[in-house]
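Trainee: Please take one part of this model and go through it closely. I would like to follow how the pieces are placed against each other.

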Amino acid sequence: MSEPTLAWCAGFFDGEGHIAIADSPGTHQTALMITVVQRTKEPLPIFQKEFGGAISFRTLPPSPGTIARRPLWKWQISTAAAERFLRAVLPYLQNKRDEALLALAYRATYVPQYTVGKPRFLPANLVIQRKTFAVEMKALRVHKKELAYV
């Protein structure tokens with residue numbers, strides 16, 4: 001991938017993307033999720049071409065006072081692909097740098113002995129550590145929102 005394309009992807013993601021550590025309540029499962037949501041599909045195939053993932057479409061109900069349904073396009077990747085994406089764009093990130101670093105620390109808990117083969121029995125301390133990363137990610141986003149209104 002060219003340096004200008006990588007920088008563009010990073011900048012676009014920095015403004016329009018989302019990093020989440022999805023937590024499945026009642027289970028030991030968590031997963032790193034990266035999404036970019038747009039009203040038009042146009043920029044998303046660039047992400048898909050360069051990093052893989054899936055593009056999906058749905059319509060949202062009309063906004064209050066309108067009758068038009070709103071289109072919504074989403075590019076999404078998860079787990080190891082999400083980690084590769086974050087490592088590639090990290091040098092360019094400004095707004096989401098802290099979230100990306102936290103997500104990469106979370107992914108560092110994925111060692112082969114616990115990710116290859118089934119069933120997966122994770123040690124309790126690893127389950128707690130991953131769930132803690134999910135809580136920290138949510139708290140980091142809330143803190144950033146609070147700062148935006150100061």
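Mentor: What follows is a look at one pair of helices. This is a predicted model, in which local features need pLDDT of at least 70 and side-chain atom pairs count only at pLDDT 80 or more, while totals for chains, interfaces and linings use all residues. Residues are numbered from 1 along each chain as its sequence is written, and side-chain values use heavy atoms, with hydrogens and water left out.

Two packed helices are described by the angle between their axes and the distance between the axes. Helices here are DSSP runs of H or I with at least four residues, and strands are runs of E with at least two, numbered from the N terminus. Axes are lines fitted to C-alpha atoms, for helices over the stretch in contact, and angles run from 0 to 180 degrees between N-to-C directions. Helix H1 covers residues 3–16 and helix H2 residues 44–51; their axes come within 11 Å and cross at roughly 125°. H1 and H2 are therefore oblique to each other. Angles under 35 degrees count as roughly parallel, over 145 as roughly antiparallel, 65 to 115 as roughly perpendicular, and the rest as oblique.

On the H1 side, the contact (heavy atoms within 4.5 Å) is made by Thr5, Leu6, Trp8, Cys9, Phe12 and Phe13, and on the H2 side by Ile46, Phe47, Glu50 and Phe51. By class, the contact of H1 with H2 has 8 nonpolar, 1 polar and 1 charged residues. Ala, Val, Leu, Ile, Met, Phe, Trp, Tyr, Cys and Pro count as nonpolar, Asp, Glu, Lys and Arg as charged, and the others, Gly among them, as polar.

Turning to the strands, 7 of the 9 residues of E2 (residues 30–38) are buried (under 20% relative accessible area, with a 1.4 Å probe and protein chains only), so E2 is largely enclosed by the rest of the structure. E2 pairs with E1 (residues 17–23) in the antiparallel sense over 7 bridges; two strands pair if DSSP finds at least two bridges between them.

Conventions
Buried < 20%, exposed > 50% of the residue type's maximum accessible area, 1.4 Å probe, protein only.
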